[in-house]
Structure formats: structure tokens, C-alpha cells
Amino acid sequence: MKIAIVSSEAVPFAKTGGLADVAGALPKALANLGVEVRVILPGYGSIDERTYRIETVVKGLEVPTGDRRETFTLKRCKLPDSEVEWFFIDSLTKFRRNGLYLDKKTGKDFPDNDERFLLFCRGVLESLKALDWKPDLIHLNDWQTGLIPAYLKSIYSQDPFFSETKTVFTIHNIAYQGNFPAEISEKLNLPAEFFYPTAGLEYWGMVSYLKSGIHFADLITTVSCRYAQEISSSNEFGCGMEGLLRARQSDLHGIMNGIDYKVWNPEIDRFLPFKYRADDLEGKRKNRLALSKQMGLPNPGRRLPLIGIISRLASQKGFDLIEASSKELMKLDLQMVILGTGEERYHKLFRSLRRRYPGKVGLKLGFDEALAHRIEAGADMFLMPSRYEPCGLNQLYSLKYGTVPIVRKTGGLADSIDDYDPETGLGCGFVFEEYSPEALLEAVNRALEAYRKKESWEKLMRYGMSLDFSWEASAKKYLELYQRLKRNPQPVTAESQSCR
Ligand code: ADP
Ligand code: GLC
């Protein structure tokens, strides 16, 4: 089985969020199952070619853009930890910039993202041909890759090179759609009928790369079972794509992400000053002290719960609930550490909390890989009050680090975290359902109450640490789908899925 995975970001090369973690880990897990895997990424300027020993494979490849031609270079590397081969579409004009999707100077999307990801999508197909490497299946991720199935179903449909190639399109976040003004259709060189009202790329008078992926791919997956149900059942979650998803309901599968325990594991985590394990939690206490110091929080000199947040600061993540509950929240006997970057309104919110509640709030606004690991290790609880959450990875990392998650019951958070019942000792976190400041406070209060009972709290921590969310199980589910799609040219039909 040969699989090409196409993603706009992947660890360790480029990352803005969880997609990078998935695209970095799933390929390795598939390779461990005996699959021949190649991953194709944009060759961003921020990727250090020396560090990864990236070498040029083919120069002067071309992609038509309207009546112009855009050239690119295909580059490649391997990493010591697996057999996966990594490829990069390198374009001086399109990817060698400061930022992946947003211009760091203006904070806005690059104005030519349509052309950048057109080059990427068609560049992937041209690269596969240039390599003379025919994948059985191309696994696509999010809107940045959405044009690929449209090209395969049109311009390349008679090309014998791709006659056996199937596509799987994974939705990591349906709210990011890659919608552009209708005029850009001229650049794409796709059949005119694809842009007619309600056709494959047409979305309320615009051109939608995400819709293209959902419409033309042979199979669609998303990153939790619950999110699969949510996005096909209402406009609130489906963001306008719910009708299309309902029409393709039997081709839509929910597969929960895994986590890479070589990277996220307190026993071996290279970013931690102190390693620890479930049967010896002393290191966690030391990490807590080191973290407080690093974040400028006073050492309380007693057992005081520290709540961590690591997040893109976007409205998806539910920070308006923190804003609305901040007065009450800050009255509680706790400290918080927050690491994030994103929308300015949330930068303001957290800056003002730090100012108003000195000694209670530690804050870093920015992207900091090492600090993210240290917060997972040093915090006692981890807060994710998301409005919606396709999968969410930090609640899974938290479990592994003995950091008890407090989450809202949505998407992958609902699928992975069971509410703790102090009577029975069942459950691994604290869950609230209603999207309201009261419900959030109620869950935080329950967590604080449970924290006071040291013995049962440590049991709860250890239980979370014992849960297994490794990639192996999820990778097997993907492989099963690939195999069924390969054997059976008709798209495979989803079994009726019942989420937890
Ligand atoms: P999303 O993909 O929606 O951002 P996930 O929970 O799936 O949410 O994944 C987020 C990933 O990005 C995690 O690995 C998290 O640690 C990381 N991350 C988010 N913000 C930051 C930040 N400011 N600094 C470092 N890592 C971050
Ligand atoms: C998206 C989602 C997040 C998910 C990640 C990886 O960014 O917002 O919930 O975990 O993709 O699939």
C-alpha cells in the first residue's frame, strides 16, 4: 500500500495547531503498519533546510495558473525516526514568507492564498508524476488541499498515471473553508460547470476549496465521531456545509486522533526539567515549582491548584466564557498559566487579567513549543472551554501528564473525557455541557473540590495517565478505510456510528 499524505503543516517542520501534530505522527504510525508513506508539504521559508538535510529532487516543475505558469522546485528529506519520506513544494514567490497562512506583519490572511494553495494542490499531482511514484491513495487534510480531488476528477481523469488513485479528505476544522471571490475561478483551469450555482466548488457565489474537497473526494473523514455527527446535523457546527455532508453521510467517517507518545510523554519529554511517571509523581511537583518561577508566579508554599491553558486564541476555544466568569474565577483559590497567540481581543483579555490579578495569572502571548510541554507537566488541571472542538489534542496530552482536564462537552472533548464522579471514582476529567459562564464555574469548582482530597485526586491523575490514546489504534482505522477503498472501487459506506 502506497499512501501520499498532503498537509499544509506537519511537526517538526511547520506548525500553527493540531493539524501539524496529526500530520507529523499519523505518517509514522502508518509506516509502522507497513505502509509506504510520503508526505507532501509547502516548502515554507521558516523550515531550516540544513537542520533537516533537505535536498533538491526536481527543479523547474510547472503549474498553470490561468494563462500564466508558476514554477516550483520539489525537495525531499528523511528523518532518522522513521521510513517516511517528506517532500516540499518550494516556491520562492509563494511560500518563502513570514507566516503560513497569515502575514505576521498585518495579522491578516495573505491576499494570494488562493494562488498559493492552487500551486500547492496542482503541484502535488505534478510532483507525484515527476517522481513516477503512483500512490494507491492520496490522503488530504483541510481546505488547503481541497482542489486535489477536483483536479483528479477533471483535468487528470484521463491520465493513466492516476487511473487507480483514490482520495480521502479529512476535515480538521470545518470553519476554515478557503472561500475566495468568484473571479479566482479563472486561475484554476477547472471546467466551468464546477462553478455553477450549487456545483462542486461553488459556495454562496464564492469559490470554496473546502467544499471542493468534501464534494469530490472518494471518502471524507473527520477527527472524532461526535464532530462527524455535529457537522452534518446543524449549521452552527457545519458552517454551511451540513447539507452537503448529509448528502454524503454514508461516506463520512469519524476517526479520533491519537497522540505521539515519543513526543508527549512525561517519562522522556526532552523539554521537561524533571521527568516523572505515574508511580512516582515527585517530578511533577518539581515541574510545578519550576513553571511558577518561569511564569513569574509566586510560590504559594502550599498545595494550590494551577490551571493551564495552551491554545490558539480564537473564538472557537471559548475564551469569552473566561471573560464573562473572570471575576468569580479569580476569587477562587487557584493560579492560572496561559500560553497562546491569536486574536487581539483575547491578547487584551489575558493581559488585563494578569494586570488585575497579580500573582494569580502567568501569561505568555506567543508560540512556544517548550513552554507548552512544561505547562502540561507543571499544571494540575487543564482548561478547554471550547465552543466547538473537532478533536482537541491538549486534553489528551493532559491525561498523559496527570493534568486533569476541565472541558466542555463538544466534539472530540466529549468523545475523550468522561466526567469524574467522586462517589464512584469513575471518569477522567470535569465536563460541562451548557455554553455558559455558570456551567464553566460549576465544573471548575467541582475540580477544586476534588483536588482538596489528595489521595483520590492522585488516583484520578494516575487513571488519566494510564489511558491509551496512542496513534496505533487510529492509524489502523485509517488503514482499514484505505484498504476497503482500494479493494472496492465504490466508496465504502460508513457503519452507523454511535459516539460515546
Ligand atoms: P487546534 O488544532 O484547534 O489549535 P489542538 O488541541 O488540536 O487545537 O492542537 C493544538 C496544538 O497546538 C497542541 O499541540 C498545542 O500544544 C499547540 N499549541 C497551541 N498554541 C500554542 C502556543 N501558543 N505555543 C505552543 N504550542 C501551542
Ligand atoms: C483542528 C481542530 C482540533 C483538532 C486538530 C487536529 O485544528 O481545531 O480540534 O484536534 O485540528 O485534527
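Predicted model: local features only at pLDDT ≥ 70, side-chain atom pairs only at ≥ 80, totals over all residues.
A polar contact is a pair of N or O atoms within 3.5 Å.

**The site of ligand 2**

Start with Gln316. One of its polar side-chain atoms sits 3.1 Å from an oxygen atom of ligand 2. His172 also takes part: a side-chain N or O atom of His172 is 2.6 Å from an oxygen atom of the ligand. Pro390 uses its backbone instead, with an N or O atom 3.5 Å from an oxygen atom of ligand 2. On its own, the ligand has 310 Å² of accessible area, and the protein covers 93% of it.

Which residues come nearest to ligand 2? They are His172, Asn257, Glu389, Cys391 and Gly392, out of 14 residues around it. By class, this shell holds six nonpolar, six polar and two charged residues. Helix H1 (residues 18-32) gives the largest share, three residues. Two domains supply at least three residues each: domain 1 (2-258 + 472-487) and domain 2 (282-468).

**Salt bridges**

Side chains of opposite charge can pair when their charged atoms come close. The model has 39 salt bridges. Three of them are listed here.

| Pair | Closest N and O atoms |
|---|---|
| Arg96 and Glu49 | 2.8 Å |
| Glu70 and Lys94 | 3.6 Å |

Take Arg96 and Glu49, which form a salt bridge. They link distant parts of the chain, 47 residues apart. Arg96 is in the loop between strand S5 (85-90) and helix H2 (113-131), while Glu49 is in the loop between strand S2 (36-42) and strand S3 (55-65). Arg96 is partly exposed, at 34% relative accessible area. Glu49 is partly exposed too, at 27%.

Are Glu70 and Lys94 buried or exposed? Buried means under 20% relative accessible area. Glu70 has 10%, so Glu70 is buried. Lys94 has 7%, so Lys94 is buried as well. The two form a salt bridge. Glu70 lies in strand S4 (residues 68-78) and Lys94 in the loop between S5 and H2, so the pair ties together parts 24 residues apart in sequence.

Lys486 is partly exposed, with 49% relative accessibility.

Some salt bridges share partners. They join Arg68, Glu70, Lys94, Asp114, Glu115 and Lys187 into one network.

Terms used:
Residues numbered from 1 in each chain as written. Chains lettered and ligands numbered in written order. Heavy atoms only, no water. Near = heavy atom within 4 Å. Polar contact = N/O pair within 3.5 Å; in protein donor to acceptor, adjacent residues only side chain to side chain. Areas by Shrake-Rupley, 256 points an atom, 1.4 Å probe, with all protein chains shown as cover. Helix = DSSP H or I, 4+ residues; strand = E, 2+ residues; numbered from the N terminus. Nonpolar A, V, L, I, M, F, W, Y, C, P; charged D, E, K, R; others polar. Domains from an automatic or database assignment. Salt bridge = Lys/Arg side-chain N within 4 Å of Asp/Glu carboxyl O. Buried < 20%, exposed > 50% of the residue type's maximum accessible area, 1.4 Å probe, protein only.
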